[in-house]
Amino acid sequence: DSRKDWADSFVKGLDVLGFKYEERTDPWEGACGVFSTILAEAAIRFQAETMSETFPAAGPVRVKILGKEDKDKLEAAERVKADMNYELTERMIEYRPEHERMLYSLGLAGSAFKKVYFDPNIMRQVAVYVPAEDVIVPYGASHIESAERVTHIMRKTKNEMRKLQVSGFYRDVELGEPRAYRTDIEEKKAEEGGYSITDDERYAIYEVHVDMVINGVEDEDEDGDEDSYVARPYVVTIERGTNTVLAIRRNWDPEDPLMLKRQHFVHYVYVPGFGFYGLGLIHIIGGYAKAGTSIIRQLVDAGTLSNLPGGLKSRGLRIKGDDTPIEPGEWRDVDVPSGSVRDNIMPLPYKEPSQTLLTLLNTITTEGRRLGAISDMNISDMSANAPVGTTLALLERTLKPMAAVQARVHFAMKQEFKLLKAIMEEYAPAEYGYEPLRGEVTARQADYAAVDVIPVSDPNSSTMAQRVVQYQAVLQMAQAAPQIYDLPALHRQMIEVLGIKNADKLVPTK
């Protein structure tokens with residue numbers, strides 16, 4: 001209930017997304033049903049730009065050495081980097097498509113989530129995308145790490161539930177037939193995508209990550225006073241249809257004296273709003289998309305009426321086949337009761353499509369593109385001889401709103417990689433039975449402990465063009481004082497930024 005206004009805005013915004021053509025009968029059969037493309041363009045561009053920045057072909061992870069650098073730590077860092085990138089690009093085959101789905105929903109909804117955990121069925125870590133509507137937090141929560149309750153709504157088939165019950169993950173109790181549960185947002189998404197969810201026969205499962213007191217389980221204090229119990233983190237799983245508790249599990253490390261909650265969710269935010277959930281393109285430019293859709297339809301319908309006008313004719317006038325429109329070059333016989341044909345027919349005064357409406361549409365589209373940070377800088381207006389500093393300033397001014405969004409994505413990915421690293425470190429081998437090679441795709445626990453993992457994306461330069469201009473500025477400075485620069489390393493980094501392969505062979509640094 002506390003997020004109802006946010007959800008209502010989301011549902012209304014999906015109406016003008018325009019992925020499903022609308023067959024209209026109002027004001028007449030076959031009236032224009034196209035949509036403004038502002039919203040779809042902004043979401044697709046954000047997804048494409050962010051995906052290229054956060055998930056390059058070599059992998060999305062780079063490492064940062066903790067403490068003083070030495071030969072062993074550098075080799076450990078190379079192994080961790082190779083290991084995690086191999087896992088994310090090769091073994092975790094679901095990661096890239098899940099990340100792309102997350103970015104698309106993030107742009108539209110303003111909030112999206114990743115759930116990171118170890119899956120015992122496939123014996124490896126997973127990071128799955130969770131839509132914002134399937135994560136519920138109490139009102140007043142500032143961020144997901146400190147929320148006292150986080151509820152994940154899951155859907156599972158009969159077979160999936162039976163597997164989990166037989167394996168002992170859930171209690172083996174009778175649940176009856178599944179009772180479908182769908183939110184308004186889920187139904188609208190299915191409608192826009194052209195899917196029917198009326199035959200959805202899945203159980204709705206509430207997985208609640210909550211701080212709570214369980215009587216008989218908590219340790220009593222010295223006085224045996226139950227009122228002094230402190231809520232501890234648990235994961236309680238409930239089947240929604242029957243309110244049956246399927247499992248209760250401890251959600252802290254037994255070796256942690258503070259009993260801190262183990263994090264499983266990462267919250268990605270497009271633009272922070274007034275509450276827990278962020279604001280997306282639907283909330284920011286949804287009104288522009290709705291207005292643009294209305295004006296486009298008016299212009300097309302006005303053109304239709306202007307080209308195929310209707311009108312009034314006297315009752316006594318008879319035209320052969322008067323119930324069908326006259327085709328170009330066609331002449332028909334007319335019986336005129338009295339006077340001329342002109343006196344018996346009056347066309348309605350339909351006007352040509354309004355130039356004022358067209359101007360208004362262009363203004364709304366331009367403003368919506370600007371507000372949605374999808375407008376392009378007009379390169380033709382810039383001088384070819386403009387200084388690099390001027391070009392960099394213009395780029396920064398144009399890309400600053402999107403750079404802020406990219407910085408938030410970078411921060412959330414860093415938290416996600418930390419969760420993945422913790423799981424991979426826990427299940428990594430303690431020691432090698434052999435001497436590992438440099439860059440080998442295997443890392444031990446000590447390797448993970450020596451480094452920190454961060455995304456390859458750079459929050460200070462959100463596009464390749466911005467990074468190229470930055471390196472051009474450094475190259476100009478290096479020409480003035482080449483003796484203080486490592487020119488091979490500088491040129492190699494420039495080549496890597498341009499995306500050219502085998503930079504180490506083109507410009508060897510050793």
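Keep in mind that the model is predicted. The biggest nonpolar core takes in 70 residues, and helix α10 (residues 388-427) supplies the largest share of it. There's also an open three-stranded sheet, with helix α4 lying across its strands.

**The nonpolar cores**
- Within the largest core, the residues with the most contacts are L39, Y95, L106 and L420.
- Helix α10 puts 10 residues into this core.
- If you click on L420, you'll find it touching M84, L88, M92, Y95, V116, Q125, V126 and A127, once its neighbours within four places in sequence are set aside.
- A separate core of nine residues sits apart from the largest one, and M154, L164, Y170 and I205 are among its members.

**The sheet and the helix across it**
- Reading across the sheet, the strand order is β3-β2-β9, and the pairing is antiparallel.
- Strands β3 (124-131) and β9 (265-269) form the edges, each with pairing on one side only.
- From one strand to the next, the twist averages 25°.
- Strand β2 (residues 111-119) and β9 run antiparallel and are joined by five bridges.
- Helix α4 (residues 95-109) lies across β2, β3 and β9, and its direction is at about 155° to β2.

**Helix α3**
- Helix α3 (residues 71-91) has 21 residues, so at 1.5 Å a residue it should span 30 Å; the end C-alpha atoms are 29 Å apart, which agrees.
- D70 caps the N-terminal end of α3, with a side-chain oxygen 3.2 Å from the backbone nitrogen of D72.

**A closer look at T50**
- T50 sits in helix α2 (residues 38-54).
- T50 counts as buried because its relative accessibility is 0%, and the cut-off for buried is under 20%.
- A polar atom of the T50 side chain lies 2.7 Å from the backbone oxygen of F46.
- Leaving out residues up to four places away in sequence, T50 touches L103, Q406 and V409.

Notes
Residues numbered from 1 in each chain as written. Predicted model: local features only at pLDDT ≥ 70, side-chain atom pairs only at ≥ 80, totals over all residues. Heavy atoms only, no water. Helix = DSSP H or I, 4+ residues; strand = E, 2+ residues; numbered from the N terminus. Buried < 20%, exposed > 50% of the residue type's maximum accessible area, 1.4 Å probe, protein only. Polar contact = N/O pair within 3.5 Å; in protein donor to acceptor, adjacent residues only side chain to side chain. Contact = heavy atoms within 4.5 Å. Pairing = 2+ DSSP bridges. Axes fitted to C-alpha atoms, helices over the stretch in contact; angles between N-to-C directions. Core = buried A, V, L, I, M, F, W, Y, C linked by side-chain atoms within 4.5 Å. Expected span 1.5 Å × (residues − 1).
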